[in-house]
Amino acid sequence: MGSRAFGLATDGSDTDVRGVFLAPTALFWRFEKPPTHVEGPAPEQFSWELERFCSLALRANPNILECLHSPLVEHVDDTGRELLSLRGAFLSLRAHDTFARYALGQRKKLEADVRTHGAPRWKHAMHLLRLLTSARDLLRTGSLTIGVGEQREPLLAVKRGEVSWEEVERRMVRLATETDEAAAHSPLPPEPDHARVEDFLVRVRRASALRDSAGSH
């Protein structure tokens with residue numbers, strides 16, 4: 001994830017790794033349930049249990065949807081391949097609200113930095129422009145692309161502080177307006193395909209339980 005997945009990595013960029021794991025079904029039968037997420041073991045690593053990941057994706061959590069659509073995948077098994085094949089089932093017009101809400105929160109933080117320090121954190125300003133562009137294009141096309149492509153250099157110029165805050169604000173306002181306009185005519189369905197995702201989760205849980213049962217015998 002992060003700059004490497006977005007196509008914005010530079011020499012000093014971290015390598016942010018995100019994952020999804022399947023907790024054995026039998027663990028859910030105990031009083032103490034398995035974790036919904038795990039940090040590590042290496043720095044910048046974080047993983048979600050499958051059900052938690054799917055639940056957040058169905059709610060159009062921006063970070064989760066971007067994780068699901070990352071072009072860089074280090075390891076994937078059969079369950080992971082099926083999850084990736086379901087990417088379209090998670091996409092809906094809910095993304096308009098969640099991406100816009102997240103963007104507004106980030107913009108308020110940037111504005112607070114300008115008031116306090118006279119300038120925003122330029123790296124965060126760059127990523128907000130990237131997010132707004134991604135949201136607009138998702139609503140226009142119905143598909144989520146997180147690589148910035150030809151926008152790499154203009155965005156890195158923002159990160160380096162070579163673009164005025166006033167110009168960054170103008171871009172944010174324009175992208176927000178274009179996002180709202182795209183939502184009014186979007187090919188995305190109003191809601192995600194909850195039943196399809198739930199069927200996948202139940203099938204995976206059942207297979208895990210059967211494997212555990214076969215192993216115990």
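## The model

This is a predicted model, in which local features need pLDDT of at least 70, side-chain atom pairs count only at pLDDT 80 or more, and totals for chains, interfaces and linings use all residues. Residues are numbered from 1 along each chain as its sequence is written, and side-chain values use heavy atoms, without hydrogens and water.

## Overall fold

The protein chain has nine helices and three strands. Helices (H or I, at least four residues) and strands (E, at least two) are DSSP runs, numbered from the N terminus. Read from the N terminus, the order is α-β-β-β-α-α-α-α-α-α-α-α.

The C-alpha atoms fill a box of roughly 70 × 40 × 30 Å along the principal axes. Take contacts (heavy atoms within 4.5 Å). Among those with a separation of 6 or more, 75% join residues 24 or more positions apart.

The chain has 217 residues, and 38% of them are buried. Buried means under 20% relative accessible area, with a 1.4 Å probe and protein chains only.

## The strands

Two strands pair if DSSP finds at least two bridges between them. Strand β1 (residues 17–21) pairs with β3 (residues 45–49) in the parallel sense, over five bridges. Here Arg18 stands opposite Phe46.

Strand β2 (residues 37–39) pairs with β3 in the antiparallel sense, over three bridges. Val38 has Ser47 in β3 as its bridge partner. Five residues lie between β2 and β3 in their hairpin. In the turn, Gly40 has a positive phi of about 85°.

Terms used: Buried means under 20% relative accessible area, exposed over 50%, partly exposed in between (1.4 Å probe, protein chains only).
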